[in-house]
Amino acid sequence: MREQLERQQSWVYLGFICLGLMMGLIVPLLASSLEQLLWPLLGILLYATFTQIPLLHIKQSVTDKRFMAALLIGNFIIIPTLLGLLVLGVSVLGLPLSPPVIAGVLLVLLMPCTDWFITFTHLGKGDAARAVAATPLLLLIQMAALPVYLWLFLGGEWFQLTFSTDLLSAFAGLILLPLSLAWLTELAAKRSSAIKRSVGCLIYLPVPLLALVVFIIAASQVNSVLGLSHVLWQVVFIFIGFLVIAGLLGKTLGSLFKLPPASARTLAFSFGTRNSFVMLPIALTLPNGWQAAVVVIVFQSLVELFGMVALIRWVPSKLIPSQL
C-alpha cells in the first residue's frame, strides 16, 4: 500500500493543489481560515518524516568512504557552485527573476532530500541501503550549511531575514523539535516493541499530510500563484534542467570514484531530489513581498515528482546501466 501511494503521489499532490486553487477562488474566507492548520500539519509531517531516518546510525553512514565523499562533494560543493553561477548569470544577463523567486529557487535546490530520495533510489534500482545510511548525515550537514549558502548567494539582506525572530522560531519549532522528538522516538522504539509497531504506522502519513499542506498553501496563496504564472514558466526550465544535470553528475562522480552502478544511481537520485517541504517552514516565515518563494518551492516539488517518473526509467536503463 505504501509503495502504491508513493508511486501515485505526483497525481495526488497535483489534484490537491487544483482543489486548493479552486477553494481559494470560490470561498477565499474559508481558505484563509484553513491557514492556521498549516503549522501543526507541517510539524506532524516533519516528525513523521524524521522518524523514518535512522538518526542513531550516523556513524554507519560513513563506512563507504568513496560513496560518501562523492555524495557530499556533489550535494554540498558542486551543486551549490552551479547554483551560484545561475544566480550570477541571472544578475549579469538581467533576467526578469525577482529576489523572492531566486530565494525560492535557492531554498529548494540547495538542500538534498532525506525522505522520498530513498523511495526513488529503490524504484530506480539504486542502493537503497546506502541511501538510508546517508540520510542522517545529509540532514545534519544541510541544517548547518543553509544559512551560510544563502548569505553567500543573497547577501546581507538575506542574512538579516535568516536571523529574524519568526524564522528562528519556525526553525526551532518545526525542524529542531520534530527532529529531537524523532530521535527520542527511535531510542524508545529500541526498547519497546509496542512503540516500534506504532512508529511503523507513521510511514503512511507523509504523502497524505503533504497533500493537505499543498492544498492549504494553494488555497491561501492562490493570488500569488496566479500572479506568478509567467514566472513559473521561466523557473520550470531551471527545475527540469537541474534534474538532467543531477543525473549526469551522478554518472560522472560515480565514474570518478569508481562506484558500482547501483551506488552511482543513488548519487543521481540524491542530486535530483531536493528537501522541498523541510524548506517550506523557512519560506513561510519570510515577510510580505517574499511569498513568491513559497509558491516556487511547492511548484518545484511537483516538477521534481513528475521528473522522477522519467528518471526512474532513464537512469537504470540508459544513463547508468548495469552493463556498460
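Reply: Gladly! Helices here are DSSP runs of H or I with at least four residues, numbered from the N terminus. Please keep in mind that this is a predicted model.

Me: Thanks! Which helix gives the most to the lining of the second largest pocket?

Reply: That pocket holds about 260 Å³ of space. Of its 15 lining residues, the closest to the centre are Thr51, Glu186, Ala189, Lys196 and Val199. Two elements give two or more residues to the lining, helix H10 (165–191) and helix H11 (193–201). The one that gives the most, with five residues, is H10.

Me: How do the residues of that lining divide into nonpolar, polar and charged?

Reply: For this step, Ala and Val count as nonpolar, whereas Glu and Lys count as charged. On that scheme, the lining of the second largest pocket divides into seven nonpolar, five polar and three charged residues.

Me: Is threonine 185 buried or exposed?

Reply: Threonine 185 is found in helix H10. Leaving aside residues up to four places away in sequence, threonine 185 touches Tyr47, Thr51, Ile195 and Val199. The cut-off for buried is under 20% relative accessible area. Because its relative accessibility is 14%, threonine 185 counts as buried.

Me: How many of the residues of helix H16 are buried?

Reply: Helix H16 covers residues 276–284. Its buried residues include Phe277, Met279, Leu280 and Ile282, and Ser276 and Pro281 are also among them.

Me: Now for the rings. What kind of aromatic pair do tryptophan 11 and phenylalanine 306 form?

Reply: A search of the whole structure finds three aromatic pairs, and this is one of them, with 4.9 Å centre to centre and 85° between the planes. Tryptophan 11 lies in helix H2 (residues 9–26) and phenylalanine 306 in helix H17 (residues 292–319), so the pair ties together parts that are 295 residues apart in sequence. Tryptophan 11 is exposed at 54% relative accessible area, while phenylalanine 306 is partly exposed at 28%. Planes over 60 degrees apart count as edge-to-face, so with 85° the pair is edge-to-face.

Me: And what kind of pair do phenylalanine 239 and phenylalanine 299 form?

Reply: Their ring centres are 6.4 Å apart, with 50° between the planes. Phenylalanine 239 lies in helix H14 (residues 229–256) and phenylalanine 299 in helix H17, so this pair ties together parts that are 60 residues apart in sequence. Phenylalanine 239 is buried, with a relative accessible area of 3%. Angles under 30 degrees count as stacked and those over 60 as edge-to-face, so this pair is tilted.

Me: On to the backbone. What is the phi of lysine 125?

Reply: Most residues other than glycine have a negative phi. Lysine 125 lies in the loop between helix H7 (116–123) and helix H8 (128–154), and is exposed, with a relative accessible area of 58%. Although lysine 125 is not a glycine, its phi is positive, at about 60°.

Me: Last one: where is lysine 258 placed?

Reply: Lysine 258 also has a positive phi, near 55°, in a residue other than glycine. Lysine 258 is exposed, with a relative accessible area of 65%. Its place is in the loop between H14 and helix H15 (261–272).

Conventions: Residues numbered from 1 in each chain as written. Predicted model: local features only at pLDDT ≥ 70, side-chain atom pairs only at ≥ 80, totals over all residues. Heavy atoms only, no water. 1 Å grid on protein atoms, 1.4 Å probe; cavity = no way out; pocket = protein on both sides within 12 Å on 5 of 7 lines; lining within 4 Å. Points joined across faces, edges and corners; volume = space filled by probe spheres on them. Buried < 20%, exposed > 50% of the residue type's maximum accessible area, 1.4 Å probe, protein only. Contact = heavy atoms within 4.5 Å. Phe/Tyr/Trp six-rings, centres within 6.5 Å; stacked < 30°, edge-to-face > 60°.
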